[in-house]
Amino acid sequence: MSYNVLLLPGDGIGPELLSQVKKVSNFLEDKMDLKINYDEADIGGVAIDNHGNPLPQATIDKAKKADAVLLTAIGGDKWANVDFDIRPEAGLLGIRKEMGLYANLRPALVFDALADSSSLKKELVSGLDLMIVRELTGGIYFGSPAGIETRNGEKVGFNTLIYSESEIERIAHVAFKLAMQRDKKLCSVDKANVLNVMVLWREVVTRISKEYPQVELSHLYVDNASMQLVRNPKQFDTMLMGNMFGDILSDTASMLTGSLGMLPSASLGDTNPSTGKQSALYEPVHGSAPDIAGQNKANPLAQLLSFSMMLRYSFNEVKSADLLEKAIQNTLSKNIRTTDISNPTSVIVGTQEMGDAVVKEMSELLNK
Ligand code: NAD
(Lines give C-alpha, C1' and ligand atoms only; values in the text may rest on other atoms or scores of the structure.)
Protein backbone atom coordinates (compact mmCIF):
# COMPACT_ATOMS: atom_id res chain seq x y z
CA MET A 1 0.00 0.00 0.00
CA SER A 2 1.10 3.58 -0.62
CA TYR A 3 0.59 6.50 1.77
CA ASN A 4 1.22 10.25 1.74
CA VAL A 5 2.74 11.56 4.95
CA LEU A 6 3.51 15.17 5.84
CA LEU A 7 6.57 15.57 8.08
CA LEU A 8 6.80 18.64 10.31
CA PRO A 9 10.43 18.72 11.55
CA GLY A 10 9.75 21.71 13.85
CA ASP A 11 12.48 23.04 16.13
CA GLY A 12 15.34 21.91 18.37
CA ILE A 13 15.91 18.16 18.18
CA GLY A 14 13.06 17.73 15.64
CA PRO A 15 15.11 17.37 12.43
CA GLU A 16 17.48 14.83 14.09
CA LEU A 17 14.53 12.73 15.19
CA LEU A 18 12.95 12.71 11.76
CA SER A 19 16.21 11.46 10.22
CA GLN A 20 15.78 8.33 12.35
CA VAL A 21 12.15 7.97 11.22
CA LYS A 22 13.32 8.12 7.59
CA LYS A 23 15.95 5.46 8.30
CA VAL A 24 13.38 3.12 9.81
CA SER A 25 10.87 3.92 7.09
CA ASN A 26 13.41 3.13 4.33
CA PHE A 27 13.99 -0.26 5.92
CA LEU A 28 10.27 -1.03 6.16
CA GLU A 29 9.65 0.13 2.60
CA ASP A 30 12.44 -2.15 1.46
CA LYS A 31 11.26 -5.23 3.37
CA MET A 32 7.50 -4.91 3.77
CA ASP A 33 4.73 -4.24 1.23
CA LEU A 34 4.68 -0.55 2.03
CA LYS A 35 5.42 2.75 0.26
CA ILE A 36 5.41 6.12 1.97
CA ASN A 37 5.66 9.37 0.02
CA TYR A 38 7.00 12.11 2.27
CA ASP A 39 6.49 15.85 2.02
CA GLU A 40 7.74 18.44 4.54
CA ALA A 41 6.50 21.80 5.81
CA ASP A 42 7.43 24.39 8.43
CA ILE A 43 5.72 24.85 11.79
CA GLY A 44 6.67 26.61 15.03
CA GLY A 45 9.86 28.65 15.41
CA VAL A 46 11.35 27.67 12.07
CA ALA A 47 8.13 28.83 10.39
CA ILE A 48 8.38 32.18 12.21
CA ASP A 49 11.92 32.55 10.88
CA ASN A 50 11.04 31.56 7.33
CA HIS A 51 7.52 33.00 6.97
CA GLY A 52 6.86 35.32 9.93
CA ASN A 53 4.05 32.97 11.02
CA PRO A 54 4.18 29.76 13.14
CA LEU A 55 1.55 28.09 10.96
CA PRO A 56 1.78 29.14 7.30
CA GLN A 57 -1.26 28.47 5.11
CA ALA A 58 0.88 26.15 2.93
CA THR A 59 1.45 23.92 5.99
CA ILE A 60 -2.29 23.78 6.72
CA ASP A 61 -3.09 22.92 3.10
CA LYS A 62 -0.49 20.13 2.98
CA ALA A 63 -1.64 18.74 6.35
CA LYS A 64 -5.25 18.55 5.18
CA LYS A 65 -4.25 16.70 2.00
CA ALA A 66 -1.91 14.17 3.66
CA ASP A 67 -3.01 10.71 4.83
CA ALA A 68 -1.33 11.49 8.17
CA VAL A 69 0.96 14.10 9.71
CA LEU A 70 4.07 13.32 11.77
CA LEU A 71 5.21 16.21 13.95
CA THR A 72 8.26 16.44 16.19
CA ALA A 73 8.10 19.38 18.61
CA ILE A 74 8.19 23.15 18.45
CA GLY A 75 9.60 26.03 20.45
CA GLY A 76 12.73 27.31 22.09
CA ASP A 77 14.19 30.34 23.84
CA LYS A 78 15.02 31.94 20.50
CA TRP A 79 11.31 32.78 20.06
CA ALA A 80 10.57 33.62 23.72
CA ASN A 81 9.99 37.30 22.95
CA VAL A 82 7.87 37.15 19.78
CA ASP A 83 4.27 38.47 19.97
CA PHE A 84 1.97 36.15 21.93
CA ASP A 85 -0.25 35.55 18.86
CA ILE A 86 2.62 34.31 16.72
CA ARG A 87 4.56 32.31 19.35
CA PRO A 88 5.62 28.79 18.24
CA GLU A 89 2.92 27.15 20.43
CA ALA A 90 0.27 28.98 18.39
CA GLY A 91 1.38 26.81 15.46
CA LEU A 92 0.70 23.65 17.43
CA LEU A 93 -2.70 24.75 18.73
CA GLY A 94 -3.53 26.08 15.27
CA ILE A 95 -2.81 22.86 13.39
CA ARG A 96 -4.85 20.80 15.88
CA LYS A 97 -7.75 23.20 15.34
CA GLU A 98 -7.39 23.33 11.53
CA MET A 99 -7.34 19.53 11.33
CA GLY A 100 -10.29 19.21 13.75
CA LEU A 101 -8.37 16.85 16.04
CA TYR A 102 -10.77 16.12 18.89
CA ALA A 103 -9.37 12.79 20.14
CA ASN A 104 -6.00 12.59 21.87
CA LEU A 105 -4.52 9.13 22.32
CA ARG A 106 -1.85 8.87 25.00
CA PRO A 107 -0.43 5.39 25.45
CA ALA A 108 1.56 4.56 28.57
CA LEU A 109 3.66 1.56 27.69
CA VAL A 110 6.31 0.20 30.01
CA PHE A 111 9.06 -1.73 28.29
CA ASP A 112 10.30 -4.47 30.63
CA ALA A 113 13.87 -3.25 30.35
CA LEU A 114 12.80 0.19 31.62
CA ALA A 115 10.48 -0.93 34.42
CA ASP A 116 13.11 0.15 36.96
CA SER A 117 12.86 3.77 35.73
CA SER A 118 9.34 4.15 37.12
CA SER A 119 8.86 5.71 40.53
CA LEU A 120 6.42 2.87 41.29
CA LYS A 121 7.52 -0.62 42.26
CA LYS A 122 8.66 -2.67 39.26
CA GLU A 123 5.98 -5.35 39.72
CA LEU A 124 3.24 -2.68 39.56
CA VAL A 125 4.30 -1.30 36.18
CA SER A 126 6.16 -4.10 34.41
CA GLY A 127 4.20 -4.99 31.27
CA LEU A 128 1.87 -1.99 31.59
CA ASP A 129 0.09 -1.22 28.31
CA LEU A 130 -2.50 1.49 28.90
CA MET A 131 -4.23 3.80 26.43
CA ILE A 132 -5.82 7.05 27.55
CA VAL A 133 -8.33 8.64 25.16
CA ARG A 134 -8.75 12.33 25.98
CA GLU A 135 -11.35 14.65 24.44
CA LEU A 136 -9.25 17.51 23.10
CA THR A 137 -11.38 20.32 21.69
CA GLY A 138 -14.25 20.75 24.18
CA GLY A 139 -14.96 20.87 27.89
CA ILE A 140 -13.85 23.50 30.35
CA TYR A 141 -10.82 24.70 28.33
CA PHE A 142 -13.09 26.00 25.57
CA GLY A 143 -16.49 26.46 27.32
CA SER A 144 -18.22 29.84 27.27
CA PRO A 145 -18.66 32.03 29.26
CA ALA A 146 -15.15 32.26 30.65
CA GLY A 147 -13.30 35.22 32.11
CA ILE A 148 -12.43 37.34 35.10
CA GLU A 149 -14.76 40.15 36.13
CA THR A 150 -15.69 42.22 39.16
CA ARG A 151 -18.79 41.20 41.09
CA ASN A 152 -19.87 42.74 44.41
CA GLY A 153 -16.60 44.65 44.62
CA GLU A 154 -14.24 41.72 44.13
CA LYS A 155 -12.78 39.89 41.18
CA VAL A 156 -14.19 36.49 40.22
CA GLY A 157 -12.77 34.07 37.69
CA PHE A 158 -14.98 31.55 35.92
CA ASN A 159 -14.97 28.87 33.22
CA THR A 160 -17.71 26.66 31.87
CA LEU A 161 -17.58 22.89 31.70
CA ILE A 162 -19.87 22.02 28.82
CA TYR A 163 -20.23 18.96 26.57
CA SER A 164 -22.91 18.30 23.97
CA GLU A 165 -24.23 14.80 23.30
CA SER A 166 -22.58 14.77 19.87
CA GLU A 167 -19.18 15.69 21.33
CA ILE A 168 -19.43 12.86 23.85
CA GLU A 169 -20.70 10.41 21.22
CA ARG A 170 -17.82 10.97 18.80
CA ILE A 171 -15.07 10.63 21.41
CA ALA A 172 -16.84 7.58 22.87
CA HIS A 173 -16.82 5.92 19.43
CA VAL A 174 -13.06 6.53 19.13
CA ALA A 175 -12.49 4.94 22.56
CA PHE A 176 -14.74 1.93 21.94
CA LYS A 177 -13.13 1.28 18.53
CA LEU A 178 -9.68 1.41 20.12
CA ALA A 179 -10.77 -0.89 22.94
CA MET A 180 -11.96 -3.33 20.27
CA GLN A 181 -8.42 -3.39 18.80
CA ARG A 182 -6.96 -3.88 22.27
CA ASP A 183 -8.16 -5.91 25.29
CA LYS A 184 -11.85 -4.95 24.91
CA LYS A 185 -11.98 -3.23 28.29
CA LEU A 186 -12.96 0.44 28.54
CA CYS A 187 -13.09 2.53 31.72
CA SER A 188 -14.89 5.87 31.36
CA VAL A 189 -13.82 8.51 33.88
CA ASP A 190 -16.23 11.21 35.05
CA LYS A 191 -17.51 13.07 38.09
CA ALA A 192 -21.17 12.11 37.74
CA ASN A 193 -21.71 12.30 41.51
CA VAL A 194 -21.17 16.09 41.45
CA LEU A 195 -21.37 17.57 37.95
CA ASN A 196 -24.55 17.55 35.82
CA VAL A 197 -22.51 17.53 32.61
CA MET A 198 -20.84 14.34 33.80
CA VAL A 199 -24.25 12.69 34.40
CA LEU A 200 -24.84 13.31 30.69
CA TRP A 201 -21.32 12.01 29.89
CA ARG A 202 -22.03 8.72 31.69
CA GLU A 203 -25.48 8.40 30.11
CA VAL A 204 -24.15 8.91 26.55
CA VAL A 205 -21.13 6.60 27.00
CA THR A 206 -23.46 3.88 28.36
CA ARG A 207 -25.79 4.33 25.39
CA ILE A 208 -22.92 4.13 22.85
CA SER A 209 -21.63 0.98 24.60
CA LYS A 210 -24.65 -0.94 23.26
CA GLU A 211 -23.05 -0.66 19.80
CA TYR A 212 -19.94 -2.41 21.12
CA PRO A 213 -21.32 -5.40 23.08
CA GLN A 214 -17.92 -7.13 23.12
CA VAL A 215 -16.34 -4.28 25.09
CA GLU A 216 -16.61 -4.50 28.87
CA LEU A 217 -17.45 -0.96 30.06
CA SER A 218 -16.82 0.37 33.57
CA HIS A 219 -17.17 3.85 35.06
CA LEU A 220 -14.97 5.52 37.68
CA TYR A 221 -15.14 8.92 39.35
CA VAL A 222 -12.02 10.89 38.51
CA ASP A 223 -10.74 11.01 42.10
CA ASN A 224 -10.91 7.23 42.36
CA ALA A 225 -9.40 6.85 38.87
CA SER A 226 -6.37 8.89 39.89
CA MET A 227 -5.86 6.70 42.97
CA GLN A 228 -6.30 3.49 41.00
CA LEU A 229 -3.80 4.65 38.36
CA VAL A 230 -1.00 4.78 40.89
CA ARG A 231 -2.28 1.89 43.07
CA ASN A 232 -2.72 -0.73 40.36
CA PRO A 233 -2.37 0.70 36.83
CA LYS A 234 -2.40 -2.71 35.15
CA GLN A 235 -6.12 -3.13 35.96
CA PHE A 236 -6.79 -0.70 33.05
CA ASP A 237 -6.59 -1.25 29.32
CA THR A 238 -8.32 1.70 27.59
CA MET A 239 -9.56 4.77 29.51
CA LEU A 240 -11.87 7.51 28.21
CA MET A 241 -12.15 11.00 29.68
CA GLY A 242 -12.92 14.65 28.98
CA ASN A 243 -10.37 17.35 28.25
CA MET A 244 -9.36 18.49 31.75
CA PHE A 245 -9.40 15.09 33.44
CA GLY A 246 -7.45 13.72 30.45
CA ASP A 247 -4.89 16.51 30.63
CA ILE A 248 -4.11 15.62 34.24
CA LEU A 249 -4.43 11.83 34.22
CA SER A 250 -2.52 11.33 30.96
CA ASP A 251 0.47 13.06 32.54
CA THR A 252 0.11 10.89 35.64
CA ALA A 253 0.03 7.82 33.41
CA SER A 254 3.09 9.08 31.49
CA MET A 255 5.11 9.17 34.66
CA LEU A 256 4.30 5.52 35.37
CA THR A 257 6.63 4.77 32.47
CA GLY A 258 9.41 6.85 34.00
CA SER A 259 10.75 8.45 30.85
CA LEU A 260 9.72 11.43 28.74
CA GLY A 261 11.87 10.34 25.80
CA MET A 262 9.74 7.20 25.37
CA LEU A 263 6.21 8.59 25.06
CA PRO A 264 4.33 8.88 21.76
CA SER A 265 0.86 10.35 21.16
CA ALA A 266 -1.76 10.64 18.45
CA SER A 267 -4.53 13.14 17.81
CA LEU A 268 -7.42 12.08 15.60
CA GLY A 269 -10.27 13.93 13.92
CA ASP A 270 -13.26 13.17 11.75
CA THR A 271 -13.32 10.66 8.94
CA ASN A 272 -14.01 12.18 5.54
CA PRO A 273 -17.00 10.18 4.20
CA SER A 274 -15.90 10.50 0.56
CA THR A 275 -12.29 9.35 1.07
CA GLY A 276 -12.71 7.27 4.25
CA LYS A 277 -9.63 9.10 5.57
CA GLN A 278 -9.47 10.14 9.23
CA SER A 279 -7.40 13.25 9.96
CA ALA A 280 -4.52 12.28 12.20
CA LEU A 281 -1.42 13.85 13.67
CA TYR A 282 1.24 11.89 15.55
CA GLU A 283 3.87 13.44 17.83
CA PRO A 284 6.04 12.59 20.83
CA VAL A 285 4.95 13.97 24.20
CA HIS A 286 8.31 15.65 24.87
CA GLY A 287 9.28 19.12 23.67
CA SER A 288 12.01 20.38 21.34
CA ALA A 289 14.78 19.94 23.96
CA PRO A 290 16.86 22.94 22.78
CA ASP A 291 19.48 22.13 25.46
CA ILE A 292 20.62 19.06 23.52
CA ALA A 293 19.67 20.03 19.95
CA GLY A 294 22.23 19.25 17.25
CA GLN A 295 24.42 17.18 19.60
CA ASN A 296 23.33 13.66 18.60
CA LYS A 297 22.08 13.14 22.17
CA ALA A 298 18.29 13.05 21.74
CA ASN A 299 16.41 9.83 22.34
CA PRO A 300 14.54 9.09 19.09
CA LEU A 301 12.31 6.33 20.54
CA ALA A 302 9.23 8.44 21.36
CA GLN A 303 9.37 9.75 17.78
CA LEU A 304 9.75 6.23 16.39
CA LEU A 305 6.87 5.04 18.58
CA SER A 306 4.76 7.92 17.22
CA PHE A 307 5.61 6.69 13.72
CA SER A 308 4.62 3.20 14.80
CA MET A 309 1.25 4.51 16.05
CA MET A 310 0.75 6.10 12.64
CA LEU A 311 1.45 2.77 10.91
CA ARG A 312 -0.98 1.00 13.25
CA TYR A 313 -3.88 3.43 13.57
CA SER A 314 -3.88 5.41 10.32
CA PHE A 315 -2.65 2.74 7.91
CA ASN A 316 -3.52 -0.53 9.66
CA GLU A 317 0.06 -1.70 8.89
CA VAL A 318 0.01 -3.86 12.01
CA LYS A 319 2.92 -6.13 11.00
CA SER A 320 5.28 -3.20 10.43
CA ALA A 321 4.18 -1.51 13.68
CA ASP A 322 4.65 -4.75 15.64
CA LEU A 323 8.08 -5.28 14.08
CA LEU A 324 9.23 -1.77 14.96
CA GLU A 325 7.94 -1.97 18.54
CA LYS A 326 9.50 -5.41 19.08
CA ALA A 327 12.81 -4.11 17.70
CA ILE A 328 12.71 -1.18 20.16
CA GLN A 329 11.99 -3.60 23.00
CA ASN A 330 14.92 -5.84 22.00
CA THR A 331 17.28 -2.88 21.67
CA LEU A 332 16.39 -1.76 25.19
CA SER A 333 16.75 -5.31 26.51
CA LYS A 334 20.34 -5.29 25.24
CA ASN A 335 20.80 -2.20 27.41
CA ILE A 336 21.62 -0.01 24.41
CA ARG A 337 20.52 3.42 25.64
CA THR A 338 20.64 7.14 24.96
CA THR A 339 21.82 9.08 28.01
CA ASP A 340 18.33 10.02 29.24
CA ILE A 341 17.36 6.37 29.86
CA SER A 342 20.81 4.99 30.65
CA ASN A 343 22.02 3.19 33.78
CA PRO A 344 25.62 2.59 34.91
CA THR A 345 25.98 -0.59 32.82
CA SER A 346 24.38 0.73 29.60
CA VAL A 347 26.03 0.92 26.22
CA ILE A 348 25.42 4.64 25.71
CA VAL A 349 24.69 5.66 22.13
CA GLY A 350 23.68 8.81 20.29
CA THR A 351 20.52 9.55 18.30
CA GLN A 352 21.85 8.13 15.05
CA GLU A 353 23.32 5.01 16.63
CA MET A 354 20.01 4.31 18.39
CA GLY A 355 18.25 4.53 15.02
CA ASP A 356 20.84 2.14 13.55
CA ALA A 357 20.40 -0.28 16.46
CA VAL A 358 16.62 -0.40 15.97
CA VAL A 359 17.03 -1.06 12.24
CA LYS A 360 19.54 -3.83 13.00
CA GLU A 361 17.05 -5.44 15.41
CA MET A 362 14.26 -5.26 12.81
CA SER A 363 16.55 -6.97 10.33
CA GLU A 364 17.45 -9.72 12.84
CA LEU A 365 13.79 -10.25 13.72
CA LEU A 366 12.91 -10.70 10.04
CA ASN A 367 15.76 -13.15 9.52
CA LYS A 368 14.73 -15.36 12.45
P1 NAD B 1 11.40 19.37 26.77
O2 NAD B 1 10.51 18.19 26.73
O3 NAD B 1 11.83 19.91 25.46
O4 NAD B 1 12.70 19.05 27.64
C5 NAD B 1 12.66 18.70 29.02
C6 NAD B 1 13.95 17.93 29.37
O7 NAD B 1 13.85 16.63 28.79
C8 NAD B 1 15.20 18.56 28.79
O9 NAD B 1 16.27 18.37 29.69
C10 NAD B 1 15.47 17.79 27.52
O11 NAD B 1 16.82 17.71 27.15
C12 NAD B 1 14.91 16.41 27.88
N13 NAD B 1 14.37 15.74 26.71
C14 NAD B 1 13.20 16.02 26.06
N15 NAD B 1 13.05 15.20 25.02
C16 NAD B 1 14.12 14.40 25.00
C17 NAD B 1 14.55 13.35 24.15
N18 NAD B 1 13.83 12.95 23.08
N19 NAD B 1 15.72 12.74 24.41
C20 NAD B 1 16.47 13.10 25.48
N21 NAD B 1 16.12 14.07 26.32
C22 NAD B 1 14.95 14.71 26.07
O23 NAD B 1 10.61 20.49 27.62
P24 NAD B 1 11.06 21.99 27.96
O25 NAD B 1 12.51 22.07 28.18
O26 NAD B 1 10.11 22.42 28.99
O27 NAD B 1 10.68 22.80 26.65
C28 NAD B 1 11.61 23.11 25.61
C29 NAD B 1 10.82 23.74 24.46
O30 NAD B 1 9.91 22.77 23.95
C31 NAD B 1 9.97 24.92 24.92
O32 NAD B 1 10.03 25.91 23.92
C33 NAD B 1 8.58 24.35 25.04
O34 NAD B 1 7.58 25.31 24.81
C35 NAD B 1 8.60 23.31 23.93
N36 NAD B 1 7.64 22.22 24.08
C37 NAD B 1 7.03 21.81 22.97
C38 NAD B 1 6.15 20.74 23.04
C39 NAD B 1 5.50 20.27 21.76
O40 NAD B 1 5.92 20.67 20.71
N41 NAD B 1 4.52 19.41 21.84
C42 NAD B 1 5.91 20.09 24.24
C43 NAD B 1 6.59 20.52 25.38
C44 NAD B 1 7.47 21.61 25.29
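Colleague: Which atom of Gly287 lies 2.7 Å from an oxygen atom of the ligand?

Modeller: A backbone N or O atom of Gly287 does that. Keep in mind that this is a predicted model. With the ligand in place, the protein covers 66% of the 800 Å² of accessible area that the ligand has on its own.

Colleague: Okay, and what about side chains? Which ligand atom lies 2.8 Å from a polar side-chain atom of Glu89?

Modeller: An oxygen atom of the ligand. His286 brings in a nitrogen instead: one of its polar side-chain atoms lies 3.2 Å from a nitrogen atom of the ligand.

Colleague: How many residues are around the ligand, and which come nearest?

Modeller: There are 19, and Glu89, Gly287, Ala289, Asp291 and Asn299 come nearest. Sort the shell by class and you get nine nonpolar, six polar and four charged residues.

Colleague: Now helices. At what angle do H10 and H11 pack?

Modeller: Look for residues 301–314, which form H10, and residues 318–333, which form H11; they pack at an angle of about 160°, with their axes 7 Å apart. Angles over 145 degrees count as roughly antiparallel, so that's how H10 and H11 run relative to each other. The crossing of H10 past H11 is left-handed.

Colleague: And how do H1 and H10 cross?

Modeller: Helix H1 covers residues 14–31, and its axis comes within 9 Å of the H10 axis, crossing at roughly 45°. These two are therefore oblique to each other. Here H1 passes H10 in a right-handed crossing.

Note on methods. Residues are numbered from 1 along each chain as its sequence is written. This is a predicted model: local features need pLDDT of at least 70, side-chain atom pairs count only at pLDDT 80 or more; totals for chains, interfaces and linings use all residues. Side-chain values use heavy atoms; hydrogens and water are left out. A residue is near a molecule or strand if one of its heavy atoms lies within 4 Å of it. A polar contact is a pair of N or O atoms within 3.5 Å; within protein, one must be able to donate a hydrogen and the other to accept it, and residues adjacent in sequence count only if both atoms are side-chain atoms. Accessible areas come from the Shrake-Rupley method with a 1.4 Å probe; for residues, only the protein chains shown count as cover. Ala, Val, Leu, Ile, Met, Phe, Trp, Tyr, Cys and Pro count as nonpolar, Asp, Glu, Lys and Arg as charged, and the others, Gly among them, as polar. Axes are lines fitted to C-alpha atoms, for helices over the stretch in contact, and angles run from 0 to 180 degrees between N-to-C directions. Helices (H or I, at least four residues) and strands (E, at least two) are DSSP runs, numbered from the N terminus. Angles under 35 degrees count as roughly parallel, over 145 as roughly antiparallel, 65 to 115 as roughly perpendicular and the rest as oblique. A crossing is left-handed if the near helix is turned anticlockwise from the far one by less than a right angle, and right-handed if clockwise.
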